[in-house]
Amino acid sequence: MSFFDLFKRPGGFRIDPLGTESAARMAAIHAASFARPWTTLEFERLMGERGMVGDGLFLGPAPKGLASKPSGFVLSRMVLDEAEILTVAVAREVRGKGLSIPLLERHLDELSRRGVRTVHLEVEEGNQPALALYRRFGFKEVGRREAYYQKPDGSRVAALTMALSL
């Protein structure tokens, strides 16, 4: 049993690798999750970059012969034995159901299989659900960037930088 097997695993979903075909859906989920959303074109470009790893959360079984749309996703960029999680987002209609746990678990496992030893990320200081998720996996705060994120009202808040050794 791995460390990650200790977490509760809700059912009725699957987690699969993502490609550029999911860019529009990722942009829509991102727009509903962040004050400064990324566009479909930005997601297409990211997914086409070398070293990008994307995993999507899909509800229910895969439809025969058809690609379904993700209800959440996580994207990372790998360089040698390190990776940076660029974004994690789950659609509003499935938030609060614990689905980000198996999504991040699977993603970290994939990064580890690809030789990543350290994972980095940035998170808004006041984003308690995200901080709880990352801390649950053992991410530790390693730095702080003052006034990094701009809120919809124009105010600015700090970003916490975090890291995890796999």
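Which residues of the largest nonpolar core touch the most other members? Here are some friendly notes on that and a few other spots.

1. **What you are looking at.** This is a predicted model, in which local features need pLDDT of at least 70 and side-chain atom pairs count only at pLDDT 80 or more, while totals for chains, interfaces and linings use all residues. Residues are numbered from 1 along each chain as its sequence is written, and side-chain values use heavy atoms, with hydrogens and water left out.

2. **The core.** To take up the opening question: Ile85, Leu108, Tyr134 and Phe139 touch the most other members of the largest nonpolar core, which has 43 residues. A nonpolar core here is a set of buried Ala, Val, Leu, Ile, Met, Phe, Trp, Tyr and Cys residues joined through side-chain atoms within 4.5 Å. Buried means under 20% relative accessible area, exposed means over 50%, and partly exposed is in between (1.4 Å probe, protein chains only). As general background, nonpolar side chains tend to be buried together in soluble globular proteins.

3. **Phe139 as an example.** Setting aside neighbours within four places in sequence, Phe139 is in contact with Ile85, Leu108, Val119, Leu121, Tyr134, Met162, Ala163 and Leu164. Contact means heavy atoms within 4.5 Å.

4. **Overall layout.** The protein has four helices and seven strands, arranged along the sequence as β-α-α-β-β-β-α-β-α-β-β. These elements are DSSP runs numbered from the N terminus: helices are H or I with at least four residues, and strands are E with at least two. Of the 166 residues, 39% count as buried. Taking contacts between residues at least 6 apart in sequence, 63% join residues at least 24 apart.

5. **Surface.** The protein exposes about 9200 Å², and carbon and sulfur atoms supply 52% of that area. Accessible areas come from the Shrake-Rupley method with a 1.4 Å probe; for residues, only the protein chains shown count as cover.

6. **The largest pocket.** Its volume is about 1200 Å³, and 36 residues line it, with Ser33, Phe34, Val88, Asn127 and Ala130 nearest the centre. Strand S4 (82-90), strand S5 (118-124), helix H4 (128-136) and strand S6 (140-150) are the elements that give two or more residues to the lining. S4 gives the most, with seven residues. On a 1 Å grid over the protein atoms alone, a pocket is an open set of points where a 1.4 Å probe fits, with protein on both sides within 12 Å along at least five of seven lines; lining residues have an atom within 4 Å of a point. Grid points are joined across faces, edges and corners, and the volume is the space filled by probe spheres set on the points.

7. The lining divides into 20 nonpolar, eight polar and eight charged residues. In this count Ala, Val, Leu, Ile, Met, Phe, Trp, Tyr, Cys and Pro are nonpolar, Asp, Glu, Lys and Arg are charged, and the others, Gly among them, are polar.

8. **Pro70.** This residue is in the loop between strand S2 (52-59) and strand S3 (72-79), and Pro70 is buried at a relative accessible area of 1%. Not counting residues up to four places away in sequence, Pro70 touches Leu18, Ser22, Arg25, Ile29, Gly56, Leu57 and Phe58. Pro70 and Leu18 are 52 residues apart in sequence, with 8.7 Å from C-alpha to C-alpha.

9. **His30.** You will find His30 in helix H1 (residues 23-31), where it counts as buried at 2% relative accessibility. Apart from neighbours within four places in sequence, His30 is in contact with Arg36, Pro37, Trp38, Phe43, Phe73 and Thr87.

10. **Two positive phi angles.** Most residues other than glycine have a negative phi. Leu80, although not a glycine, has a positive phi of about 55°; Leu80 is in the loop between S3 and S4 and is exposed, with a relative accessible area of 79%. Ala147, also not a glycine, has a positive phi of about 50°; Ala147 is in strand S6 and is partly exposed at 37%.

11. **Gly60.** The loop between S2 and S3 also holds Gly60, which is partly exposed with a relative accessible area of 25%. Beyond neighbours within four places in sequence, Gly60 is in contact with Gly12, Phe13 and Arg14. Gly60 and Arg14 are 46 residues apart in sequence and 6.9 Å apart in space, C-alpha to C-alpha.
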